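Below is a short briefing on one protein model.

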Amino acid sequence: MLLELTDATVTLGGNTVLNHISMEIRQRDKIALVGANGAGKTTLLRLLMGEITADADDKRQGAAMKSSRRITKGMLRQVNGFDAGLTVEEYMLSVMPHTDPYSRERFEFEMEFDRLFTGFGFQKEEKKKYLKEFSGGEQTKIAFIELLLQKPDLLLLDEPTNHLDIATVEWLEEYMKHYPKAVVFVSHDRFFLDRVADLTYELQNGSLTHYSGNYSFYRIQKKKNAAILRKQYDAQQQEIARLDAVIEKFKHKPKKAAFARAKKSQLARMKPVPKPVEDTGHFFTEPIVPLYPGSKWVYEAEKLSVGYHGKAVIHDLSLRLRRGQKIAIIGANGVGKTTLLKTISGDLMPVKGKSTLGNHVLMGYFDQKSAEMLSEQTVYEHFKAQFPGLLDRDIRNMLAAYLFTGESVYKKVSDLSGGERARLYLMELLSSRPNLMLLDEPTNHMDIAAKETMESAFSAYQGSLLFVSHDRYFVAKVADAILLIEDNVAYYYPFGYEHYLAHAADKDTRDLSALVTAESQAMVAGLKAVPKPERHRLKEQNTELAYVEWRRSLAAEPIEEIWNELYKALMDGNDKLIEAQEASLTDACLDWYDVYLETE
């Protein structure tokens, strides 16, 4: 045991933020701290860091926080104290604990510095740049590097993936999984939570609950626990009602008064089962259907180059977006993802080529400035002004579906957080039911409950979707295809994000057959639109057949892998593994059959 919290309570401004919480941290634990915004996650990090202390408590024996030895701690925070007159290299050398330029420690420090510096997406030459030349986000990354170089026994991280692109986050995941010390971290990146954490603690209503697994385990276990608790709660409420009825019936009858008093004593001794706290997220069960279906091809780009001032960042993009298709645009920061969306929306003129919306396309567009809307109206008044024909009951039901309930309905729009304003704006877009939506980082600044609600909404949305997001969990849940921007070229991947990660995410090991250029995708999409009797006239018929075989072969790969594992399990006589692999094999075969039917 590295550090232990016992029955710790923290009160701030007269409000109890942490209420008699307990927690154990071992030497190499990777602990995810989850909970709604305002639940007290940052307060708990500050308590662990020693910046604040637990309240005095007569019920507790001894100190609220104990450690097995003297330990070092480090916490990632926003940069506010850099010496802007130093280069990155000079700054790192100034904080290095070993001054001998020829010592092994200094050599290892500089090697680790180079590894971290490039891992966080910097070029080696940038070590010579002055700190003042970097943006605020880049300075936060440099502060993170300094913290990791110190290798404290307990590393405390509040939103460590902010300001990082997907490639850097994936690199950081691997680094953190092998970090040799304990880590407690808060993040809204659920992929990061899943891949790094081996333990999860949830803060809710001041209480801390322990789950012995990653984020996905926590979500499954929490639902199971909630279902069990709901049954226990309902059963106890029924028993309380029954006892109350018995007491009321017999309390005035002399011969039964003692019996009634016994039942009253039984009721008083009953330990109450707490009422289960329902998940705050909302899940849409009905489809969100566009107002107009629109044309089959919602958007087409032909030899399109996009950029600013005549300088293209994406060259010769040809793409066809089918009605109902949902494509995620991914790539490193600065490759032109937002520029592409602005060009499609008409906010930017193409550098060259054609960018054409289909017939009867009603477009909804969310960009980074959409969440900056300011209004002195309340949330209810603002939404009613957008949709004056709706009944009061319908407005309130719709607001509740997007998590605007209780007092939040009467908050001024200008008082909402960035994530809340984004949610309100997206609600307006979805309620107007366009048949094409362009989204640029729609879930930024949202807590997990809000993200899950928006994932559900966009999964239920039946229109076409083209979106940019660094939230890989959101991408995995919503997208059915990927557009990868890399080295000024767009590559199209016709499956979801998890399939992409398994087959084509790694530049060094990817199978290039798993990626086709967007131009090829546009050509194949056009071929698939040609009636079958007429396809024999096209010279590109072999390309169409090759595409079909390629899709089927990719879908068949998991079957082969699972069959090999099943064969090993059969040889080893491992019944549990055999059962698990048989279930996986069934699922993989069904997935392949779906692809077969789609390409038939």
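Which helix gives the most to the lining of the largest pocket? Helix 9 (residues 337-345) does, with 3 residues. The model is predicted, and its local features are taken where pLDDT is at least 70.

**Largest pocket**

- The volume of the largest pocket is about 860 Å³.
- Its lining is made up of 31 residues, and those nearest the centre are T161, N162, H163, N444 and H470.
- Sorted by class, the lining of the largest pocket holds 16 polar, 9 charged and 6 nonpolar residues.

**Second largest pocket**

- The second largest pocket takes up about 640 Å³.
- It is lined by 35 residues, with A36, N37, T280, D447 and A449 nearest its centre.
- Two or more lining residues come from each of strand 8 (199-204), helix 7 (215-250), helix 12 (418-432) and helix 13 (448-460).
- The lining of the second largest pocket divides into 15 nonpolar, 11 polar and 9 charged residues.

**Cavity**

- The structure has 1 cavity of 30 Å³ or more, and the volume of the largest cavity is about 30 Å³.
- V95, F109, E146, L149 and Q150 line the largest cavity.
- Helix 4 (residues 136-150) is the element that gives the most to this lining, with 3 residues.
- The lining of the largest cavity consists of 3 nonpolar residues, 1 polar residue and 1 charged residue.

**Helix 10 against helix 11**

- Helix 10 (residues 379-386) and helix 11 (residues 392-401) have axes that come within 11 Å of each other and cross at roughly 115 degrees.
- The crossing of helix 10 and helix 11 is right-handed.
- On the helix 10 side, the residues in contact are V379, Y380, F383 and K384; on the helix 11 side they are D392, I395, R396, M398 and L399.
- By class, this contact has 6 nonpolar and 3 charged residues, and no polar ones.

- Helix 1 (residues 41-49) has K41, T43, L44, L45, L47 and L48 among its buried residues.
- An α-helix has 3.6 residues a turn, so residues three or four places apart point the same way.
- G50 follows helix 1 and has a positive phi, near 95 degrees.
- L156 lies in strand 6 (residues 154-158).
- Is L156 buried or exposed? L156 counts as buried because its relative accessible area is 0%, and the cut-off for buried is under 20%.
- Leaving aside neighbours within four places in sequence, L156 contacts L45, L48, M49, G74, M75, L76 and V184.
- The C-alpha atoms of L156 and R77 are 9.4 Å apart, although the two residues are 79 places apart in sequence.

**D83**

- D83 sits in the loop between strand 5 (73-75) and helix 2 (88-95).
- D83 counts as partly exposed because its relative accessibility is 43%, which falls between the 20% and 50% cut-offs.
- D83 and K132 are 49 residues apart along the chain, and their C-alpha atoms are separated by 8.3 Å.

- Most residues other than glycine have a negative phi.
- Where is N205 found? N205 is in the loop between strand 8 and strand 9 (207-211).
- The phi of N205 is positive, near 55 degrees, in a residue other than glycine.
- N205 is exposed because its relative accessible area is 65%, and exposed means over 50%.
- N488 is in the loop between strand 17 (481-486) and strand 18 (489-493).
- The phi of N488 is positive as well, near 70 degrees, and N488 is a residue other than glycine.
- N488 counts as partly exposed because its relative accessibility is 35%.

Terms used
Residues are numbered from 1 along each chain as its sequence is written. This is a predicted model: local features need pLDDT of at least 70, side-chain atom pairs count only at pLDDT 80 or more; totals for chains, interfaces and linings use all residues. Side-chain values use heavy atoms; hydrogens and water are left out. Helices (H or I, at least four residues) and strands (E, at least two) are DSSP runs, numbered from the N terminus. Buried means under 20% relative accessible area, exposed over 50%, partly exposed in between (1.4 Å probe, protein chains only). Contact means heavy atoms within 4.5 Å. On a 1 Å grid over the protein atoms alone, a cavity is a set of points where a 1.4 Å probe fits but cannot get out, and a pocket is an open set with protein on both sides within 12 Å along at least five of seven lines; lining residues have an atom within 4 Å of a point. Grid points are joined across faces, edges and corners, and a volume is the space filled by probe spheres set on the points. Ala, Val, Leu, Ile, Met, Phe, Trp, Tyr, Cys and Pro count as nonpolar, Asp, Glu, Lys and Arg as charged, and the others, Gly among them, as polar. Axes are lines fitted to C-alpha atoms, for helices over the stretch in contact, and angles run from 0 to 180 degrees between N-to-C directions. A crossing is left-handed if the near helix is turned anticlockwise from the far one by less than a right angle, and right-handed if clockwise.
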